[in-house]
Amino acid sequence: RTNQQNLLYVFTPSKLQAAYPLFTYSDNGAVVNAAFAVEALKRNIVRCVSFSFGSFDTHFTNYRQQPLTQQRLFNMISALVDYLDVTPHPTKPAEKLSDHTHIMVFSDFCRTPQINTGLGRDHYPNNSSLIISPKFKGNMSFGSSDPEQLLSLPAKTFSDGQRPVSPADVLATFVSAHGVDPRKYLRDGEVLTEILR
């Protein structure tokens, strides 16, 4: 009971904001989730944290909203990585949380390449993801789109032939990077060995 009360006290938004001042909390209320993630990992309470940053839904005035929203997201990710780089791992002496933390950033859908009549962008099925992990090669991109950014181009030859990378491939690669056989848990997707260390 006492430990539960202590943890509830530690994980209040005001305590998290005081403990992690590099995050810009005024940008987005969801940023407190990133502080929660660092604190929970540091205390060895969790092995996995998932949270939503907010809405990127810009059907109108895309040019005014989208750059600011994306900048806020990247500011949060930058601060998160900075904290992981300096926070000691709770069970591995002389190592940092960043040595064992893997970040995947993605959206459930993307935005249309073209601007609509409301000067916004609508929903679009093609997407991308950002992965920051000691198990993945850094400073690289994998896959591409056509010049109009309408369609994903084939990235490699998979077992079913030349095709673009799919979300299932990204997930299979992420799972495989941690020593888990993706076939055991996933129906689709092939490991992208090109992006693993």
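## First stop: two tyrosines

Select Tyr20 and Tyr83: both are buried, meaning under 20% relative accessible area, where over 50% is exposed and anything in between is partly exposed (1.4 Å probe, protein chains only). Before going on, some housekeeping: this is a predicted model, so local features need pLDDT of at least 70 and side-chain atom pairs count only at pLDDT 80 or more, while totals for chains, interfaces and linings use all residues. Residues are numbered from 1 along each chain as its sequence is written, and side-chain values use heavy atoms, with hydrogens and water left out.

How are the rings of Tyr20 and Tyr83 arranged? Their centres sit 4.9 Å apart with the planes at 85 degrees, so the pair is edge-to-face. The pair links distant parts of the chain, 63 residues apart: Tyr20 is in the loop between α2 (13-19) and α3, and Tyr83 is in helix α4. Rings of Phe, Tyr and Trp (its six-membered ring) pair if their centres lie within 6.5 Å; planes under 30 degrees apart are stacked, over 60 edge-to-face, and the rest tilted.

The structure holds six aromatic pairs.

## Zoom out

Switch to cartoon. The protein chain has six helices and six strands, running α-α-α-α-β-β-β-β-β-β-α-α from the N terminus on. These are DSSP runs numbered from the N terminus: helices are H or I with at least four residues, strands E with at least two. The C-alpha atoms fill a box of roughly 55 × 45 × 30 Å along the principal axes. Of the 197 residues, 30% are buried.

## Helices α3 and α4

Select residues 31-42 (α3) and 62-86 (α4): the two pack at an angle of about 15 degrees, with axes 10 Å apart. That makes α3 roughly parallel to α4; the label covers angles under 35 degrees, with over 145 roughly antiparallel, 65 to 115 roughly perpendicular and the rest oblique. Axes here are lines fitted to C-alpha atoms, for helices over the stretch in contact, and angles run from 0 to 180 degrees between N-to-C directions.

Which residues meet? From α3, show Val31, Ala34, Val38 and Leu41; from α4, show Met76, Leu80, Tyr83 and Leu84. Contact means heavy atoms within 4.5 Å. There's Tyr83 again, this time among the α4 residues that meet α3.

## Helix α5

Next, select 167-176. The buried residues of α5 are Asp169, Val170, Ala172, Thr173, Phe174 and Val175. Their cover includes β1 (103-106), β4 (129-132), β5 (156-158), β6 (161-163) and α6 (182-185).

## Out to the surface

Pick Phe106, found in strand β1. Is Phe106 buried or exposed? Phe106 is exposed, with a relative accessible area of 59%. Leaving out residues up to four places away in sequence, Phe106 touches Ser128 and Ser129. Draw a C-alpha to C-alpha distance from Phe106 to Leu196 as well: 18 Å in space, 90 residues in sequence.

Finish with two backbone checks. Ala94, in the loop between α4 and β1, has a positive phi near 70 degrees without being a glycine; Ala94 is exposed at 87% relative accessible area. Gln149, in the loop between β4 and β5, has a positive phi of about 60 degrees and isn't a glycine either. Gln149 is exposed too, with a relative accessible area of 54%.
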